[in-house]
Amino acid sequence: MADTRLNSKNCDSETLNSSSFSHRVHDCIKDLKMIEPWVQNGDALSGLRIEDFYDGDGDNTDLVDSVLCISGSRLIRAGFKKNNFTDDIVKFVNAGGGSMNEVGDTAIFIMPDTSFEGGDVLRTDEGIIDGGDFAPLYQSARFGNFCYRFDNLPPGDYFIDLHFVEIINTNGPKGMRIFDVYIQEEKVVSELDIYSIVGANKPLQLVDVRVTVGEDGVIVIRFEGVNGSPVVCGICIKGAPKVPGSQVKHNGLVCSNCSAEVEVTSAQNKHIRLRSTAKYEKKIEELSTQCQLKTKECYEAWMSLTATNQELQKVRMELDNKSFENHCLDQAKAMQAAKLREVTSRFEHKRRFWEAAIDELKRNIKVMKEEHSQLSLEAHDCADSVPELNKMILAVQALVAQCDDLKLKYSEEQVRRKQLYNQIQEAKGNIRVFCRCRPLSKEEASSGYATVVDFNAAKDGDLGILTGCSTKKSYKFDRVYMPKDDQVDVFADASPMVTSVLDGYNVCIFAYGQTGTGKTFTMEGTEQNRGVNYRTLEQLFKIAEERKDTFAYKISVSVLEVYNEQIRDLLATSPTSKKLEIRQASEGVHRVPGIVEARVENIKEVWDVLQAGSNARAVGSNNVNEHSSRSHW
Ligand SMILES: Nc1ncnc2c1ncn2[C@@H]1O[C@H](COP(=O)(O)OP(=O)(O)OP(=O)(O)O)[C@@H](O)[C@H]1O
């Protein structure tokens, strides 16, 4: 059985004995604006608030229900009115504002903002609709992250009233500011949204939150934002009468302000219970219907989810396949990119090459254009001078004819000159003997030897040999070379013979003399001081080159050695037992049948052949001369 007490200041038990309990209670509530029903033993009426007894009030009763967490507390959509309070106000703080003097004959003093921790102050000049007797109370507020702590309160029970107004988000919408309120760390208001309950610039009171203050004398009110920052305009702490368990009677209501007991008959109590039961049954029915709908929705959602999952599985497999394809494509792409880079680099290289080539061509074209214009000018000049040129051509043709005639004559003259030249050579003597006297060697000079040759008449080809007596022996030569005469002087007399050779005459030049007298020096000479052989060959090739337009010469070299009265072919690559012999082929022509004839094209090849022959010689130095050879080659 519920134990219900109705705290009321103005209503008494007499007035509650009328026929319609609910209507009377409703009237009493409307008159007092303050009522606290609760159930001592937590039975069926537990948690009922005064709004539960309004029939036609408030579209948002459910919203209000969901906000309040403490039984007995309630929300009032109006400003504070002094008539409701005469005494028992312990502290009344104007949050975010200053003090307010008492109004009329009611001794209510509202303190300036104090006992807060944190937060900011907010003020508005806009009018507060239905602001009650202390409308300016709602024009200031504490806002943000804050809490209030009141100390030194005598232990006992208190009611806390909190005053709110939405003075910031005056154009809404709902849900911009939602917050919780904790008193003594117990949640008293959950997710309070002032705007959604009363709108902007309209007061909302949370009243009659019963708290108990212990020996420490502290009340802590903490505001905690859920969405946006909390806000509060006023806090009122009122003394509350103790409600000892012994005073609670069954079937009675007790006024929370005056503790007056109001007797409720069992029929009235039953009526209250029936109403509330009906209300909750209706709610349960609604909730069951909603639950069935939700279950159906859930089932459909589940089926849809299953289908979606299957789809998802399919999509996932496709995705895996696509991923694999993508991976392959990426690899192919990377390879293609590498190839592309290579091709690009090659292309870039070639591009630079061709650009350079094109630049070069452009330069060449430019030069050629300039040359072309120059040539055009010259061509014009030439065209102008064509008549002159024709004259010149005729003159040249005449000259060519003259030249041909002269060539013919020159050729005839040359033949004649050759004959005469060689006749001169013959006139000089087919056999000419020159004598060359070398200077005394260092050894001979240091040994004290002196020359026995008299060179006084040497320029006439006469050579005298001092015999130690008054007489001297004289010898006649075509020419005598003195020690001072060098290789060039000697070759000057041999040189004409080279021309005769190329004119078809046989020529033989050889050196004869005692060992150590200078044959090798004269014929071969040294690398720095070439002798007759080298110079002859040099001239031979020189004249052959000069005559190459008119004559083709074939020059070959044979090298033979006469050693121990036998002839040896020094160019033979293998030793042969066959004896070589010098034979007369015709008048004035001698041959050595079987001897190697090495074709040569230039003097270096001649020199190489001679060197090969020289290496094959049966050489051996004698005592007289270290360069001397006993053979003749
Ligand atoms: N006109 C010259 N001027 C300077 N030195 C010379 C002259 N003629 C020969 N000689 C020197 O005399 C030396 C003997 O000369 P060379 O070897 O030519 O003699 P040769 O007659 O060829 O001797 P052999 O018959 O023994 O071979 C060499 O050292 C050579 O350099």
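**Close-up 1. Leucine 75 faces leucine 206 in a strand pair.** Leucine 75 sits opposite leucine 206 of E8. E1 and strand E8 (residues 203-213) run antiparallel and are joined by three bridges; strands count as paired here if DSSP finds at least two bridges between them. Strand and helix labels are DSSP runs numbered from the N terminus (helices: H or I, at least four residues; strands: E, at least two). Keep in mind that this is a predicted model: local features need pLDDT of at least 70, side-chain atom pairs count only at pLDDT 80 or more, and totals for chains, interfaces and linings use all residues. Residue numbers start from 1 along each chain as its sequence is written.

**Close-up 2. An open sheet of five strands.** The order is E1-E8-E5-E11-E2, with antiparallel pairing. Strand E1 (74-76) and strand E2 (89-94) are at the edges with a single partner strand each, so one side of each has no neighbour in the sheet. From one strand to the next, the twist averages 20° (axes are lines fitted to C-alpha atoms; angles run from 0 to 180 degrees between N-to-C directions).

Close-up 3. Glycine 518 lies in the loop between helix H7 (487-502) and helix H8 (519-523), while threonine 520 is in helix H8. Glycine 518 counts as partly exposed because it has 19 C-beta neighbours inside 10 Å; the cut-offs are 20 or more other C-beta atoms within 10 Å for buried, 12 or fewer for exposed, and partly exposed in between, with C-beta atoms placed from the backbone. Threonine 520, with 18 other C-beta atoms within 10 Å, is partly exposed too. Leaving out residues up to four places away in sequence, glycine 518 touches Arg436 and Arg438 (contact: C-beta atoms, placed from the backbone, within 7 Å).

Definitions and conventions: Two residues are in contact if their C-beta atoms, placed from the backbone, lie within 7 Å.
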